[in-house]
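Here is a briefing on one predicted model. It covers the nonpolar cores, then the ligand site.

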Amino acid sequence: MGGRLEGKVAVITGGASGMGQASALMYLREGASVVVADLNEAAGKATLDLATRAGHEDAIRFIKTDVCEESQVEAMIALAVGAFGRLDIVFNNAGVGGAMSPIVETRSEDWDKTFDIMMRGVFYGIKHGAPAMKNTGGGAIINTSSTAGLGGGSGPAAYSAAKAGVINLTKNAAIQLSADRIRVNAIAPGGIHTPLVPAASDDEMKTFMKGKQPWPDTGQSNDIAYAAVYLGSDESRFVTGTTLLVDGGLLAWGPGLFPHSGASRTSGMRMSSTGAADRP
Ligand SMILES: NC(=O)c1ccc[n+]([C@@H]2O[C@H](COP(=O)([O-])OP(=O)(O)OC[C@H]3O[C@@H](n4cnc5c(N)ncnc54)[C@H](O)[C@@H]3O)[C@@H](O)[C@H]2O)c1
């Protein structure tokens with residue numbers, strides 16, 4: 001593999017850890033130049049070191065960025081255009097767990113902070129990324145949502161509401177920016193083993209997901225990076241306004257009423273093959 005993003009210039013927020021970092025490194029391998037924008041300077045430096053060791057030092061920059069601050073988002077876009085001459089892809093991926101308390105105990109400031117990072121940050125990325133892409137003749141914006149944005153039981157209230165907002169912001173922006181040949185899509189990860197989740201190991205994550213996620217393996221950062229390569233590349237030239245689920249079948253399961261090979265055999269509803277016909 002290689003060359004699927006040849007010559008493209010990308011900005012990745014939250015690019016210093018987890019799925020953002022995996023995407024940055026995969027983008028480099030696929031021929032893109034990358035600006036990693038993240039609040040965490042130490043992790044940013046570690047990401048630069050990883051890229052340098054892989055021989056990509058000329059194609060990567062780091063800028064300390066708080067995606068809640070509009071001027072800092074403007075600066076990250078300006079860095080991409082200044083350093084690499086154009087902008088093709090913005091991956092609005094930065095995120096945190098946000099307000100965790102039950103809804104009746106959630107403080108307004110924690111609710112607002114969650115929305116600042118996960119929704120306002122995405123809004124700024126689109127607002128300031130799109131004009132630079134228009135100058136390039138088009139581009140791709142990718143926003144990280146979550147399975148929490150598609151169901152009520154996958155995350156805390158503020159997080160779930162913000163991630164649901166990302167999905168519809170994605171659709172709205174896709175419509176507005178189509179005329180400029182800018183595609184806007186979202187990725188909805190399921191449970192992915194990154195520093196964001198409390199699981200210490202893949203096995204612990206697997207145990208936590210058992211009976212919920214049909215696919216037997218633990219979701220990894222690279223699973224999201226592959227989706228981001230597809231949505232950033234010209235292979236997805238006719239794909240816009242969509243949300244790509246990368247969740248090991250988590251949401252396909254729905255209410256999980258019927259036993260499944262990945263679920264505990266002792267749980268789940270039993271169903272008669274002949275219905276009422278075999279009742280005495
Ligand atoms: N891990 C999962 O299971 C999972 C599932 C669904 C969605 N997500 C989403 O995926 C995205 C990436 O998460 P991850 O799991 O890779 O977590 P992570 O903690 O490994 O990475 C998130 C990165 O975002 C950065 N960040 C946080 N606040 C920021 C801000 N204000 N400005 C700039 N950078 C900031 C952090 O410093 C960190 O480097 C997030 O949006 C998260 O909500 C994660």
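Contact means heavy atoms within 4.5 Å. On that basis, Met76 touches Val11, Thr13, Val35, Ala37, Ile63 and Thr65, leaving aside residues up to four places away in sequence. This is a predicted model, so local features need pLDDT of at least 70, side-chain atom pairs count only at pLDDT 80 or more, and totals for chains, interfaces and linings use all residues. Residues are numbered from 1 along each chain as its sequence is written, and side-chain values use heavy atoms, without hydrogens and water.

**Nonpolar cores**

- A nonpolar core is a set of buried Ala, Val, Leu, Ile, Met, Phe, Trp, Tyr and Cys residues joined through side-chain atoms within 4.5 Å; buried means under 20% relative accessible area with a 1.4 Å probe, protein chains only.
- The largest core has 34 residues, of which Met76, Leu87, Ile141, Leu177, Ile182 and Val184 touch the most other members.
- Two or more residues each come from β1 (9–13), β2 (33–38), α3 (70–84), α4 (108–136), α5 (157–177) and β6 (182–189); helices (H or I, at least four residues) and strands (E, at least two) are DSSP runs numbered from the N terminus.
- Helix α4 gives the largest share of this core, nine residues.
- A second, separate core has 30 residues, including Leu5, Met19, Val36 and Ala225.

**Ligand site**

- Around the ligand are 28 residues, each with a heavy atom within 4 Å of it.
- Ser17, Asp38, Tyr159, Ile192 and Thr194 come nearest.
- Polar contacts here are pairs of N or O atoms within 3.5 Å.
- A polar side-chain atom of Thr194 is 2.5 Å from a ligand oxygen atom.
- A polar backbone atom of Asn93 lies 2.9 Å from an oxygen atom of the ligand.
- A polar backbone atom of Thr65 lies 3.3 Å from a ligand nitrogen atom.
- The protein buries 93% of the 820 Å² that the ligand exposes when taken alone, by the Shrake-Rupley method with a 1.4 Å probe.

Notes:
Buried < 20%, exposed > 50% of the residue type's maximum accessible area, 1.4 Å probe, protein only. Polar contact = N/O pair within 3.5 Å; in protein donor to acceptor, adjacent residues only side chain to side chain.
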